[in-house]
Amino acid sequence: MLSFLFQKFAGRHHRKYVEKCRPLVARINEHEQAYQSLTDEQLRAKTDEFRARFKQGETLDQLLPEAFAAVKNAARRMVGRTVIVCEHELTWDMVHFDVQLIGGICLHEGRIAEMATGEGKTLVATLPLYLNALVGKNSQLVTVNDYLARRDSEWMGHLYSFLGLTTGCIQQQMTSELRREMYNRDITYGTASEFGFDYLRDNGMATRKDDQVQRDHWYCIVDEIDSILIDEARTPLIISGPAPIEREQPFTRLKPPVEDLVREQLRLVNRFVKEATDLLEKKDATPDDRQTAAMKMLQVKLGMPKNKLLLRLMETPEWRKLLDKTDVEMHSDFNKEEVYKLKEELLFTIDEKNHQADLSEIGRTKLRPDDRDAFVLPDLASEFIEIEKRNDTPEQKEQAKLTAQQRYEVVSEDIHAISQLLRAYALYERDVEYVIQDGKVLIVDENTGRVMPGRRWSDGLHQAVEAKEGVTIERETRTYATVTIQNYFRMYEKLAGMTGTAETEATEFHEIYKLAVTQIPTNKPCIRIDRNDSIFKTRRDKYNAVVKQIQEANGRGQPVLLGTVTVEQSEVLSRMLKRGGIIHTVLNAKFHQQEAEIVTRAGQRNAVTIATNMAGRGTDIKLGEGVRELGGLFVVGTERHESRRIDRQLRGRCSRQGDPGGTKFFLSLEDDLMRLFLQGNLASKIMEGSMKEGEELEHPWLNRSIESAQKKVEQQNFAVRKRLLQYDDVLNKQREVIYGIRNGALHSERAKDIIFEMIEEELAVRLENAGFGEKGGTPPTSLESLVGWLNSHFPISMKVEELTGQPEALLKSLVDRIRQAYGLKESIEDVQALGGLERYIVINAIDHHWQEHLTEMEELRRSIGLRSYGQKDPLSEYKSEAFRFFEELMNNVRLQICTSLFRSATNREAFENLFSILARSARLQGPTAAPTALAAATQAALPPDVGGVPSPRGEPAASEPEIKLPTITIRREAPKVGRNEPCPCGSGKKFKNCHGA
Ligand code: ADP
């Protein structure tokens, strides 16, 4: 009832927005009517007029009616023209509908416009992109793949150029010159990862202003915003390179024993299943027998939740109910001990919902009979206290602590590796969660079924799966720069989004991104018929029913689009259809352009298309001749997804623009969603009473029940994403600070101010540490060491007796002396070169320590996970540790700057070339990123000759994703020059008469 009310209310809220827009739409149309009498030139002149009026203080909101009218009028003038889009000829036939104008207003206001498939979002976006580009900053549109970026930028580019605006698009293999050019255009199309990686390169790697490609982060519309901000949210963009030190791989070492463990556990749980079955099938089974059987089943569930025999046993509703009941009972605190006992009889336990794996006592003993504590995390804090109590020398204590710490690290790494290996074996199934291609483990997106090359599970899981499959375990890498897609998009001054499905996640968009979702009505009423779900007992029954349904539709000639969750499912169904003699096409979202073209034909008579959710998205399906009469496109779903949004995406593929169409989902009790979340509720009661093998169940109640299960999962996933974001926020703030300083250095002619700020801070800390400002004065030893430090870093010849007075005054006088000394250096160096050197000093210090910091933060994330076994809140622990790390990082940066200021030579070229090499050896990681994109991008930005430093390899990196980082030591000292040789400053004088004087 409540949700019904809410829907009514929500519906009203959307209608209200649309009503509010009506007068504005009327004004746009009036202007557009008036524009119809202008010449083409006069219309084009409007763009400059708007720009000028904006400069004189008119706001974009004020300009909106006329600007939108200009775009619409331009579209009208183009009708009938032939335009070239991706090498195809196309006749322009679009003029913005009123609902599209409303969509445009909504996007301009920084909202998410929910518009059904086929409503023409591509055209809608032209309105606000044009308007916002008038400001003179880069307006951007994010598409889901490279192909669509190119297609839409070319297609809509004709419209923009009619109005005198330039359009560009970013593609994966582009050089940085081209990228820069594209970002310099008025409007730029591209994918989220390309934009994100460009940001990372600009801010985390570029060493010259000229290497940066992006202009600003002004206005951005994200197409399919739900898939970008929700589905891709869990994976950060990472630029990484080989780690400097190779660490030993615990996975290879731990694989054989873990494999034994898994095998043994399998035998164990299979025995339990058999014992349970025997007890349950006994003619005169007593309640006690049933109880014993239930506990055994529960044990199997704890030990191997995806065990095949267990799943088969669960096909009997009565037994499924028994297990569910026991499971619920046992999860109460009351039965904690009991469950603990069950777990301890196993070798390890797997928590499917929380993706965790733990060794039991027996498991630990099996792995290391000689040392059962080998997998117990040492209590470092108490150990340290113990060490402190000893009668040792400080050095011995230090040494003991170090040893303890090293042991802690080894043990924690092993525990972690084992846990990941167990997960890899028990929860990650080949061809479902991942596929193997060319000796690599490639992740399959659980929502879309799309294979995601270049993307890796974090936290060692990927390496664990690689170990399990016996393929090469990829090297550990060092992170050069990283950002999550969410945080990237939060940087824009104005963000907007479009999608067919955002409503169900409206709360999340609002809470995290402050984006409101508005439903835009369709141009023509939608007449799609969503039939009730059909539920079957087994997957086999379900597939048979699906094939039968397809045969029926196909017999009539009605086209069918069959949506699957996984690649494996696609293949199974394809085989079954082949056996049934039905001609069909299979799409797995591997070849965007090709698949987009196939999908456009999915609405033809007799067409049968199998597609994972992602395949061919963004391309609409037009109906062939005579198909309307047959009921339009029929969409069949083979499983309900974890979120309702993905179901809606699939349904939305038919019935565009008032076309007829229908959808139906087929489910089975063996589906993951059903298994996990239908336990013990109304639906399962209905089912268990009636279901027999081969029988079909269908009722509107069931649909609702399933939806409430989906809501539960959605909420859980939302909580996980929110949590992740909270963690990520910590690093995000730090990144903002670091990139701020770095960019400050990069964009100033001289980074001197930053350097002296750092020096001052360092001195202040050192003075304080030496006891200045404290009562009781300063101990002489610390004075001496301070003077020693000062003189070894700055050529200022300090004497101990000069270190007196008030701390502030002393600090000032010290800084002044260093400034004087530096002034001397300035007077004898080439100013331009010195500017380069200063930038280099700051950037080098930041990059070196920041990259180290990133690695440490990753480790911290991992170890916090382990620590959360204690009572503390892991997030606040993480925050305080992260803060400490960051302070340390800043200290190190400061110190390095102090150290290098007077010890660096001004051979700018050599230094800057060095950076370029660093940039070239990096690789990218993230959604849809090719590992070589960075290499390609930076290649052209380099000077042709890298100044005598050997280039990593003579050839472009295309054929080799991972390039060895050349080991180059930076010469900090000025080169030795003979007194009678020419001075290296280029003055022409002898060294002894010039800088050597
Ligand atoms: P969406 O992304 O919303 O699913 P598209 O942008 O792919 O939709 O457009 C769907 C189809 O509708 C395209 O073939 C496009 O040519 C057509 N279309 C969009 N707007 C109009 C319009 N105003 N008049 C006629 N056809 C339109």
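Of the 997 residues in the chain, 55% are buried, meaning under 20% relative accessible area with a 1.4 Å probe and protein chains only. The model is predicted: local features need pLDDT of at least 70, side-chain atom pairs count only at pLDDT 80 or more, and totals for chains, interfaces and linings use all residues. Residues are numbered from 1 along each chain as its sequence is written, and side-chain values use heavy atoms, without hydrogens and water.

**Whole chain**
- The chain holds 35 helices and 25 strands, taken as DSSP runs (H or I, at least four residues; E, at least two) numbered from the N terminus.
- Among contacts (heavy atoms within 4.5 Å) with a separation of 6 or more, 75% join residues 24 or more positions apart.

**Helices 12 and 14**
- Helix 12 (residues 287–303) packs against helix 14 (residues 317–330) at about 75°, with the axes 9 Å apart; axes are lines fitted to C-alpha atoms over the stretch in contact, and angles run from 0 to 180 degrees between N-to-C directions.
- The two helices are therefore roughly perpendicular, a class that covers 65 to 115 degrees.
- On the helix 12 side, the residues in contact include M295 and L298, and on the helix 14 side W319 and L322.

**E388**
- E388 belongs to helix 17 (residues 380–389).
- Its relative accessibility is 43%, so E388 counts as partly exposed, the class between 20% and 50%.
- Leaving out residues up to four places away in sequence, E388 touches K397 and K401.
- A400, 12 residues from E388 in sequence, lies 9.7 Å away, C-alpha to C-alpha.

Note on methods. Parallel < 35°, antiparallel > 145°, perpendicular 65-115°, else oblique.
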